[in-house]
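Dear colleague,

I am handing over the structure below, and my notes on its salt bridges and on one of its domain interfaces follow. Please read them with the model open.

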Amino acid sequence: MQFRGFWVIQTVSTTPFNDQKPGTSGLRKKVRIFQQPHYAENFVQSVFDSLEDFAGQTLVVGGDGRYLNREVIQIVIKMAAANGFGRVIVGQGGILSTPAASHLIRSAGAFGGLVLSASHNPGGPDEDFGIKYNIGNGGPAPEKVTDAIAARSLVIDSYKILEAADVDIDLIGTSQLGAMTVEVVDPVTAYADLMESLFDFAAIRAQIAGGFTLAFDSMSAVTGPYAAEIFERRLGAPAGTVMNGTPLPDFGHHHPDPNLVHAKQLYDRMMAADAPDFGAASDGDGDRNLIIGRHSYVTPSDSLAVLAANAHLAPGYKAGLKGIARSMPTSGAADRVAEKLGAPLYETPTGWKFFGNLLDAGMATICGEESAGTGSDHVREKDGIWAVLLWLNILAVRQQSVAAIMADHWATYGRNYYARHDYEAIAKDKADALMAALRGALATLPGTGNSGGTVKSADDFAYTDPTDQSVSRNQGVRILFEDGSRVVFRLSGTGTEGATLRVYIERYVGPDGDLGLETGDALAPLIAAAQDVADIAGYTGMDKPSVIT
Ligand code: VG1
Ligand code: CO
């Protein structure tokens, strides 16, 4: 025990839980697991123990408002004080979207931040919670940091926490906790100002005033207050434009995952006869985006390509793009845009942390993933509302519908038909065996023919970071066909129940080819080939995926 004025720092004995997955940027588990005594504390102390020289520095803390958010924020604040941070900045009510947290870390010159979220996973007492650590550039901790945290969590035997009453996180202002300052800040304004600095709000406002209609579904998650401020107040869209705008601890029992399955309410609205001109949604922590034009769904991979091709129409990007980065499973649509722009294209492993170095080095301006994440060098996370605003800015300049912009894009660059098939909650040993068998067969695949065509090459994706030469291996099995089609297999790193197999299927058709096919029809032979090559039914007992996006 240690005394600091009236404050008592407790050193609490604990035992490791041994289940922090190496290679993932945080800890994501069922709420019940997080509620075990010392569990959250162990992870937070493992993070602090893996950092150096943060005494007196600033830590940003906030989350997506899900069940347990407030309790864990109190733990983090008291532990930060006990571990010697000089200042904690916390979003009012414990709210900070992931991109807003990234911005706050950067603008405050913070040492780092803890973001409490399980992203698009459901929330509530029987659902998921998570904690991720972001470094001083505002982005997810790189592998060397997450590996150190995971290693520390295996041997931790005590943590430090200040014995104190809870801090009032609902009142904006500054208070003192031990030797540490606690600043409760408005989570929205600085972020909204950043958006206003990048996009032509006057043009978007004029477009809306002229009758352009939009719908934004916050899915009862963190973007509600951000969207209300930006779309309804600053851009003048009518009240009700933001759907499900109040963050709820259980997201109203929904999966806050902006895809066609979970954002069905928005999808149905966008496909109705009286659909608005533009629809969008974001996920639990506000870093993902779903874009649906009137009667026209845009795949995330296509959205990345369109945003990259048109970014120069927005004031923040009028100087053009330094480069484009996409994760390996994301379709090659952005590659064709990069080629035309004469900008470099980087292909990274899945996960935003790999973009951070490229953005810091000024090598890329826009980044994206097939999982509905798009962003730029304005922060170091993907950013759902940013993507929506860039679309709106482009629409305001081009004065065309989303469907017309897509048709125009495909006529110029060709179309990458694309789908992701997820096989969820499969037994971990079965999933590992399936991947091991695929990896074992890599050498025998080239030259063989099947319903997908003739295999040109097959490998297990490895990435060498061009800025620090660090190597990441085993990032997913790729099978490339002679005609440029592709099937990719990898296991999810973010699920909390068993294992999830993701199969990514892509077929390219040039500008003169058939651009108007149904995606399912266009991909049918490749889907069959994928199921066959990996013997998915044999390993999983599932004859079809649980989610198709
Ligand atoms: C998924 C997505 C990946 C994304 C990650 C975090 O990972 O596929 O593209 O970066 O979620 O997104 P995985 O390992 O389950 O495929 V989020 O919105 O949690 O910050
Ligand atoms: Co997210």
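A search of the whole structure finds 31 salt bridges, a salt bridge being a side-chain nitrogen of Lys or Arg within 4 Å of a carboxyl oxygen of Asp or Glu. This is a predicted model, in which local features need pLDDT of at least 70 and side-chain atom pairs count only at pLDDT 80 or more, while totals for chains, interfaces and linings use all residues. Residues are numbered from 1 along each chain as its sequence is written, chains are lettered from A and ligands numbered from 1 in the order in which they are written, and side-chain values use heavy atoms, with hydrogens and water left out.

One of the salt bridges joins Asp126 and Arg32, whose closest N and O atoms are 2.7 Å apart. Asp126 lies in the loop between strand E6 (112-116) and strand E7 (128-135) and Arg32 in helix H1 (residues 31-34), so the pair ties together parts that are 94 residues apart in sequence; helices (H or I, at least four residues) and strands (E, at least two) are DSSP runs, numbered from the N terminus.

The domain assignment, which comes from an automatic or database source, gives domain 1 (2-185), domain 2 (191-413) and domain 3 (415-548). Between domain 2 and domain 3 about 2,100 Å² is buried, 58% of it from carbon and sulfur atoms, where buried area is the accessible area (1.4 Å probe) that two parts lose on being put together, summed over both.

Across this interface of domain 2 and domain 3 there are three salt bridges. Arg486 forms a salt bridge with Glu347, with the closest N and O atoms 3.7 Å apart. At 7% relative accessibility Arg486 counts as buried, whereas Glu347, at 23%, counts as partly exposed; buried means under 20% relative accessible area, exposed over 50%, and partly exposed in between (1.4 Å probe, protein chains only).

Asp459 and Arg478 form another salt bridge, their closest N and O atoms being 2.8 Å apart. Asp459 lies in strand E22 (residues 453-460) and Arg478 in strand E25 (residues 477-481), so this pair ties together parts that are 19 residues apart in sequence. Asp459 is partly exposed, with a relative accessible area of 28%, while Arg478 is buried, at 14%. Through shared partners, salt bridges join Arg326, Asp335, Glu347, Asp459, Arg478, Arg486 and Glu506 into one network.
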